[in-house]
Amino acid sequence: MSYKRISDEMENLLNKQVTKEAEAAQVFLAYGSWADTMSFGGVAEFFYKHATEERDHMKKIISYINTRGGKTKIEAISAPPANPKNLKDCLEKALEHEIQNSKAIDRIVDLALEEKDWATFNFAQWFVEEQIEEEALINDLIDKYNLATEADENNANLYDLDKDLKSAPQHISTPREH
Ligand code: FEO
């Protein structure tokens, strides 16, 4: 693209976000692998898929920078943190990671607003929505973890009940229909 339609500052911030998304993928890949070694197959699958999503986010931003005539810089990424202490620690750290990422997205929105860069403002809204969903998803896993492990004698039953309700029908035949 011959004409650059984003500011240098925005280009720089978006490039930083490319690196953050790549780092998020590394973190979740590491958590997935840790869960695998702990025989938490479901958790491992969740984090492996999540790592792939983060890489998709990274590619989405690269494509946007290039489309707006900017230059993408693929930087080195830092190593993921040490393995979590346990499953609760893993989920809480994953949530904290998502919250930090939401804040980074907010800075892009702030700058777009300040510069009246409505194209980037609009582009960033997809990420705002995505972060709401991702935070809620991991928050929900923490709630489920608590439900499954709290020392309340009926909790395990509630956990199973919730799984059954997932496939509960939306319609039930009544005597009048027979
Ligand atoms: Fe792409 Fe979970 O942030």
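How are H1 and H3 oriented to each other, roughly parallel or roughly antiparallel? I opened my notebook with that question. The model I looked at is predicted.

**Entry 1: the helix pair**

I looked up the packing of H1 against helix H3, which spans residues 87-115. Their axes lie 11 Å apart, and the angle between them is about 170 degrees. An angle over 145 degrees counts as roughly antiparallel. H1 and H3 are therefore roughly antiparallel to each other. I then sorted the H1 and H3 contact by residue class: 16 residues are nonpolar, seven are charged and three are polar.

**Entry 2: the whole protein**

I found five helices and zero strands. From the N terminus on, the order of elements reads α-α-α-α-α. Of the 178 residues in the protein, 34% are buried. I also checked the contacts between residues at least 6 apart in sequence, and 76% of these join residues at least 24 apart.

**Entry 3: aromatic rings**

Next I went through the rings. How many aromatic pairs are there? I noted nine aromatic pairs. I took Tyr-31 and Phe-47 as my example, with ring centres 5.8 Å apart. Their planes stand at 90 degrees, so this pair is edge-to-face.

Where do the two residues sit? Tyr-31 belongs to helix H1 (residues 8-37), while Phe-47 belongs to helix H2 (residues 41-67). The pair therefore ties together parts that are 16 residues apart in sequence. Both Tyr-31 and Phe-47 are buried.

Phe-47 also pairs with Phe-46. Here the ring centres are 5.2 Å apart and the planes meet at 80 degrees, so I wrote edge-to-face again. For Phe-47 I looked up the relative accessible area, which is 0%. Under 20% counts as buried, so Phe-47 is buried. Ring pairs join Phe-28, Tyr-31, Phe-46 and Phe-47 into a cluster.

**Entry 4: a lysine over a ring**

Which residue lies over the face of Trp-126? I found Lys-60 there, at 4.2 Å from the ring centre.

**Entry 5: one threonine**

I finished with Thr-19, which is in helix H1. Is Thr-19 buried or exposed? Its relative accessible area is 12%, so Thr-19 is buried. I listed its contacts, leaving out residues up to four places away in sequence. Thr-19 touches Glu-75, Ala-76 and Ile-77.

Methods: Residues are numbered from 1 along each chain as its sequence is written. This is a predicted model: local features need pLDDT of at least 70, side-chain atom pairs count only at pLDDT 80 or more; totals for chains, interfaces and linings use all residues. Side-chain values use heavy atoms; hydrogens and water are left out. Rings of Phe, Tyr and Trp (its six-membered ring) pair if their centres lie within 6.5 Å; planes under 30 degrees apart count as stacked, over 60 as edge-to-face and the rest as tilted. Helices (H or I, at least four residues) and strands (E, at least two) are DSSP runs, numbered from the N terminus. Buried means under 20% relative accessible area, exposed over 50%, partly exposed in between (1.4 Å probe, protein chains only). A charge sits over a ring if NZ of Lys or CZ of Arg is within 6 Å of the ring centre and within 35 degrees of the ring normal. Contact means heavy atoms within 4.5 Å. Axes are lines fitted to C-alpha atoms, for helices over the stretch in contact, and angles run from 0 to 180 degrees between N-to-C directions. Angles under 35 degrees count as roughly parallel, over 145 as roughly antiparallel, 65 to 115 as roughly perpendicular and the rest as oblique. Ala, Val, Leu, Ile, Met, Phe, Trp, Tyr, Cys and Pro count as nonpolar, Asp, Glu, Lys and Arg as charged, and the others, Gly among them, as polar.
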